[in-house]
Amino acid sequence: MKSWAGPALAAPATLWLTAAFAAPFAVVLLLSIQPGSDPFVHIALAPSAEQFRAIIADGFYSAVLLKTTALALGVCAVTALLGYPFALWIVSLKPRWRPLAISIVLVPLLVNVVVRSLGIELLLAPDGLINHGLSLLGLPRANHMLYNYGAVAVGLVQVFLPLMVLSLYDVLQANSPRVLEAARSLGASRTAQFFSVELPMSLPGLRAGLTFVFLMASTTYVSARMLGGKQVWTTGMLVWQDVLENLDAQFASALALIMTLIAIIASLAIALTASRLTPWLDYRPTRAWSMPRFLAVALDAFMPVLARLLIAIALVLLLLPLVLVFVQSFNDVPQAAMAGFRAFTFRWYAQLFDNGLYFDSFWVSLKLALATSLVTVLLAASAAFALVRTRFAGKAVVETFWMFPIALPQIAIGIGMLRLLQTFAALPAFLGLLAVHVTITLPFCIGLLRASVQQLDRTLEEAAESLGAGPLRRILLVILPTLAPGLAAAGIVALLLSFEEVTISSFLTTARMTTLPVRIYAEATYSLEPTVFAISSLLIAMTVIGMFLLGRVVRLDRVFSR
Amino acid sequence: MRHVRVAGRRQLHFMTISRRTFGRLVLGAGAAAPFCFARRALAAPKPGDELVVGIWGGIQERLVREHCEKPLGKKFSCKVNFVLGGTPERRARAYAERGRPSFDVIYLNIFESRQAVKDGVTQAATPAVPQYSHLVDIARLGGYGVAINPITIIYDKRKARVPVTSWKDLWNPEWKGRIAWPAFPAAEGAAGLLMTAKVWGGDERNIGVAFEKIKQLKPFAAISSSQDELYQMFDTGVCDIAIEFGSLSRKYGETRNPNLVIAMPVEGQAAALNVACITVGTANQKLAEEWINLHLSEPCMLAYAREMYYSPTVDNVRIPADLKPKLVSFAEAARLVDFDWSAVIHNQRAWTTRFNREIAG
C-alpha cells in the first residue's frame, strides 16, 4: 500500500464525523463549562466548573449515575447469558433454518422502541398476559411488575438482545468445526467444549456485544421513561429533563459529558479484560483453560436443561411483545396501553389507510434509512480497509474518534444540534437527518466491516495480481464478491438502526420530514391509539416477507457471518 | 451625492458624494430595512405559502387538520405543515430558534406560553386576530388560549368514604398508598405542587410547605407522567386517586370508568390552558393569525368540546345543552386558581431537582 493510502481511506469517515459529530460535540463541551442556567447563554471561552461541581456535590445525581451504571451492567450480564445459548442454537441449526432464526433476531430491531416498550407493558401490566397466566394457574397476581428497575431491565434486554446475539453469532459460526471435533476426540463433554473452546474463542464477539449493549443501555431514556414510570431515574432521563423541560443546556451538557466519561471507562475496562483473557490474539503466552472434574460433571448434568430454558426465555422475550403488538392491533380499546382483549376490530387498520399520515412518515423513514445505509457502507468500507490494511501516523487516534459517537449519549448530540439549529436550518432537512443518522450508524458498521476485511483471503488478491489484474479489477472481481456478505450485513444493520432512530430525529424533525418513529413518539407524548400497533404489525409482516424473499436470493445466515 | 442650491431651489448633484452624506444614506437604509421585513411578514398570504404549526399528535392533530387546515387551504390555497411532538421538544426548539423560527405557530401550556412571551420567543395576543375580542381574560395572556382544561382531583367513588370536596382531602388516611401523584414539571405536577402550597399556607415563594406536605403522602401508588399511564392505573386498580386534567378525565370516565369522579374542590380547580402562540420573527404573520382565528372559530371550538371536553375560550360559541354541564363556563373560568408563573419558571430547575429527590426518587 502506498503511504498516502491510509490517510486517503480514512479521510471520508473522518471528514463526515468532523462535520456531523465533532461540531455538536464541541458545542456540548463548551456549554458544559458555561456558568448559570440562562437558556440564551452566549458561549464564552472562559471555563467554569460550576455545572460539574453542582453534579458532584449533589448526592442525588451521583446516586442516579451509579444506578444507571449498575442497570447497564445488569443488562449486559443478562443479554450475554441469554445471547450465548441463543447464538449457539442458531449456529447448531441446519442451514435452511438459519435464515428464519436470524429473522427472529432482526425483526424486533425494525419495530419502534416505543412500540416494543408498549409490548413489554402489555406483558407486565397488572391485567397483562403474565397476570392472566398466573390467574389461570390459580396463583396470586403480581401487580407491581411495572414501574421499577426490573421492568426497565426487561425492556432494555428485549431491545438490546439482538445486538448481543448478532455479535456472538458472528464469531461462533466462524469457528472451525474441526476444533470442536478435536476437543470431542480428546474426551471433552459438551459443557467442557463450551467453556474450554467456544467461550474463549468467542470473547472478541462478547467484547463487541458488551460494549454496544453497555453504551446504549447506559444512555437510554425512552424505555426507561415508559417502563420506569418516573419512579426509576436514569442519567439519560435527567439529561432529557434538564435540556428540554428545564431549558438548562449547560447542566445537561455537563451531565452528558460525565455519562460519556463513564461509557469510555467501561469500554476500556471491557477491552482490557477481553485482551487479558485472549492473550493468543496478541501472540502472548497462553495457559489452557481447565475446570475441576467434579464441576464439569455437575455442569454436564444441568447445562443442557439450562441452555434450553435460556433459549426459550430469549425467544419469548424477543417474540412475545411482538405477538402482543399484533393481537393488540385488532383490539377494540381506546388507548394503546390498555391491556386485556376487549373485542375484535379492523378499525385501527381502516384508520391507518384512511388518513395515510403513517404511510407518509413510513416513506420518509424508508428513504432516509436506505440513504443512510448506502452512505454508511461506503464510508465504513473505506474506513475498515484503512484500519486493517494500512499503517499511518495517528491511526489509533482516528480509530478512537470513529467510535466516539457511540460513547456520547444521543441526547447529548441532540443538545448540540439544538444549538446548531440556526446553521442546520439552512441545510435541507433530509441532509441534516442523513448527516446525523450516518454518524450514529457508522461506528457499528466500521466494527462489522473491520472484522469482514480481516477475514478476506489475501492470497486470492495476490493470485489475481499475479495473473495481471489491475487494482480496479481486483476490487471488482475479487474483493467486492468476497466482501459482499459483510457489506450486506453492515447495510442491514445501518438500515435497521436508522429506521428506528428517534432520539435525535425528534430534535431535527421538520414539518416535511417527520419520520415514522418520531410520529409514533409524538403520539405517545399525548395519547397513543392502537393505530400504532396496526402500522407496526404491517411492518413486522413486511419484514418477515422481505426476509423470506431475500432469503431466496441471499443466505441470510451467511450475511451475518464473516 | 451633494445638495447644490441653484436659483433658490435645491438640486441634486450626482457627480460627487460626501462621506457624511454616504453615512446618512447607510444609516437611513439601515433604519428602513426592518420595514422591508415587516412588509413581507404582514403581506397578504399568497397561494403556495406554507405555514408551519407545532402541535401534539393524535386527536389534536386530526381536529386541527379538519377545522383549521382545510378552511385555511381553501381560503388562501396555502399548505400547512405540522411538526408533531410533546410540548418540551417544541418549546426547546422554539427557544433555540428565537428570532429565526422554523415554526409559525406553536402550541404551549399555560405557564410556558407566558414565559415564552417574556423571553421574546412568541408574541403577545393582539386584536389582529378577529376572535381576540371574544377571548376570556385568562386566555389573552401568553398568546391565544384555545382551550380551558382545568386540573383537579379525580378518584374512584367506590374507594371514597366521603366525597372529595377539598384539596386537603388528599391527606385523609383512607387514600394513603393509593395516590398516583403527577410528575413535576408537567402541568398536572405544577398544579399539584402549587395547590398544595396554597391550601396549606404557602405560595409560589414559599414552596417548602408543599414539599413537606406532599412527602407526608408517601408511599405513593405511583408517579404518573401521562394520561394514558394514569388511566391504565385506574383500570387495573394500581391507584384510586390522582390529580389530572378534568376534561380528558371526563372522557375517560364516560368511555371506560363509570366510577370515576371529577372533584370540585372548595378551593377551586387549578387553571390550565392550551395556548396557540405566534413566534416572534415568523415570515407568515397574517397566515398565522388566520390559523389562530380558525382555531378560535365555533366549528373548531365545538369539535374540541365534543371530542375532548376542552372548554371554549371565546364567548361567541353556542354550546349545545348536552355539553354545557360538562364544560367550564366563563363564570367558572374566572374562579379558576391562577398562579404567578414567572416565579414557577424561575424556580423550575430547583423544584424539579427537589421533586425528583424527595418525592419521586
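Five aromatic residues of chain A, namely A:Phe326, A:Phe330, A:Phe344, A:Phe346 and A:Tyr349, form one cluster. The model is a predicted one. Over all chains, it holds 32 aromatic pairs. Take B:Tyr304 and B:Tyr310. Their ring centres lie 5.8 Å apart and their planes meet at 15°, so this pair is stacked; planes under 30 degrees apart count as such. Both residues are buried. B:Tyr304 has a relative accessible area of 3%. For B:Tyr310 the value is 2%.

Rings also meet charges from the other chain. B:Arg98 places its charged end over the ring of A:Phe40, 3.5 Å from the ring centre. B:Arg349 does likewise with A:Phe251, where its charged end sits 3.8 Å from the centre of the ring.

Helix 1 runs over residues 5–32 and has 28 residues. From first C-alpha to last it reaches 38 Å, close to the expected 40 Å. The helix bends, though. The angle is about 40° at A:Ala11. A proline, A:Pro12, follows within four residues.

Is A:Asp38 buried, exposed or partly exposed? Its relative accessibility is 40%, so A:Asp38 counts as partly exposed. The side chain of A:Asp38 reaches the backbone nitrogen of A:Phe40 at 2.9 Å. A:Phe40 is also the residue whose ring lies under the charged end of B:Arg98.

Technical notes: Residues are numbered from 1 along each chain as its sequence is written. Chains are lettered from A and ligands numbered from 1 in the order in which they are written. This is a predicted model: local features need pLDDT of at least 70, side-chain atom pairs count only at pLDDT 80 or more; totals for chains, interfaces and linings use all residues. Side-chain values use heavy atoms; hydrogens and water are left out. Rings of Phe, Tyr and Trp (its six-membered ring) pair if their centres lie within 6.5 Å; planes under 30 degrees apart count as stacked, over 60 as edge-to-face and the rest as tilted. Buried means under 20% relative accessible area, exposed over 50%, partly exposed in between (1.4 Å probe, protein chains only). A charge sits over a ring if NZ of Lys or CZ of Arg is within 6 Å of the ring centre and within 35 degrees of the ring normal. Helices (H or I, at least four residues) and strands (E, at least two) are DSSP runs, numbered from the N terminus. The expected span of a helix is 1.5 Å times one less than its number of residues. The bend at a residue is the angle between axes fitted to the seven residues ending there and the seven starting there. A polar contact is a pair of N or O atoms within 3.5 Å; within protein, one must be able to donate a hydrogen and the other to accept it, and residues adjacent in sequence count only if both atoms are side-chain atoms.
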